[in-house]
Amino acid sequence: MRINARIQQAVLVVLFAAALSGCGYQLKGQFRFAEGLSPLVWQANGHQDELYLITRNTFAVYGLELSERPADTLLAIHRVDDTRVELSEAEVLTLEVEWSLINAQGVAVIEHRRTRSETRLSLSPEIDEDEARLERQTFLRQRIALRLLDQLEAISSEALNRAPESP
């Protein structure tokens, strides 16, 4: 009897997914980018290897290439602030990235923009605080990468190909 109920649930889920895809519904987390956005070249002030690797890997999952090789579009990382505030029984970890996007014509498609994320780390004797902190910092970098993707998706092909204004 349990198997039949599970089969029925699976069939309902498949039918529901088919109905949603048939009406043009796009699942959250799927991005569509302007033609020519990929590949992006990464340029960062200072040593940002961990942020670069996590951002590159996250972008790759959604079909956007990020590299350190020359490309038409530049993702410039101007500043990264990684802060930690200790409270009585927790820490608040914050990551703020100031960045901009420059097209092939040298036009700032996105001017200096700040993207911020924070998380709370509960402190207790039962956990390895250093390991938990590293895990949370990785989580913050992944969240920043997803927020960058969300903002990059909003760029139109026209904006990405905009030429400099003549004087």
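Start by selecting glutamate 96, which is found in strand β4; strands here are DSSP runs of E with at least two residues, helices are runs of H or I with at least four, and both are numbered from the N terminus. What you have open is a predicted model, where local features need pLDDT of at least 70, side-chain atom pairs count only at pLDDT 80 or more, and totals for chains, interfaces and linings use all residues. Residues are numbered from 1 along each chain as its sequence is written, and side-chain values use heavy atoms, with hydrogens and water left out.

Glutamate 96 counts as buried at 15% relative accessibility (buried is under 20% relative accessible area, exposed over 50%, partly exposed in between, with a 1.4 Å probe and protein chains only). Now show what surrounds glutamate 96. Leaving aside residues up to four places away in sequence, glutamate 96 touches Arg79, Val80, Asp81, Arg114, Thr115 and Arg116, where contact means heavy atoms within 4.5 Å. With arginine 79, the side chain of glutamate 96 makes a polar contact of 3.0 Å. Such a contact is a pair of N or O atoms within 3.5 Å; within protein, one must be able to donate a hydrogen and the other to accept it, and residues adjacent in sequence count only if both atoms are side-chain atoms.

Next, look at charged pairs. The structure holds 13 salt bridges, each a side-chain nitrogen of Lys or Arg within 4 Å of a carboxyl oxygen of Asp or Glu. Select arginine 116 and glutamate 118, whose side chains meet at 3.2 Å, N to O, in one of these salt bridges. Arginine 116 is partly exposed at 45% relative accessibility, and glutamate 118 is partly exposed at 40%.

Move to arginine 84 and glutamate 91, a salt bridge with its closest N and O atoms 3.7 Å apart. Here arginine 84 is partly exposed, at 44%, whereas glutamate 91 is buried, at 2%.

Then go to helix α3, where glutamate 129 and arginine 133 are four residues apart and so separated by about one helical turn. Their side chains form a salt bridge of 3.9 Å, N to O. Glutamate 129 is partly exposed at 31%; arginine 133 is buried at 9%. To see how salt bridges can share partners, select Arg79, Asp81, Glu96, Glu98, Arg114, Arg116 and Glu118, which are joined into one network.

Select α2 (49–61) next. This helix has 13 residues and reaches 19 Å from its first C-alpha to its last, close to the 18 Å expected at 1.5 Å times one less than its number of residues. Its buried residues include Leu51, Tyr52 and Phe59, and what covers the buried residues of α2 includes β1, β2, β3, β4 and α3. Just after α2, glycine 63 takes a positive phi of about 80°.

Now the rings. There are three aromatic pairs, which requires ring centres of Phe, Tyr or Trp (its six-membered ring) within 6.5 Å; planes under 30 degrees apart are stacked, over 60 edge-to-face and the rest tilted. Phenylalanine 31 and tyrosine 62 pair edge-to-face, 4.9 Å centre to centre with 90° between the planes. Both lie in loops, so the pair ties together parts 31 residues apart in sequence.

Finish by colouring by pLDDT, the predictor's confidence in each residue, from 0 to 100. The mean is 83, and 83% of residues reach 70 or more. Over residues 21–28 the value is below 50, and this stretch has four contacts beyond near neighbours in sequence.
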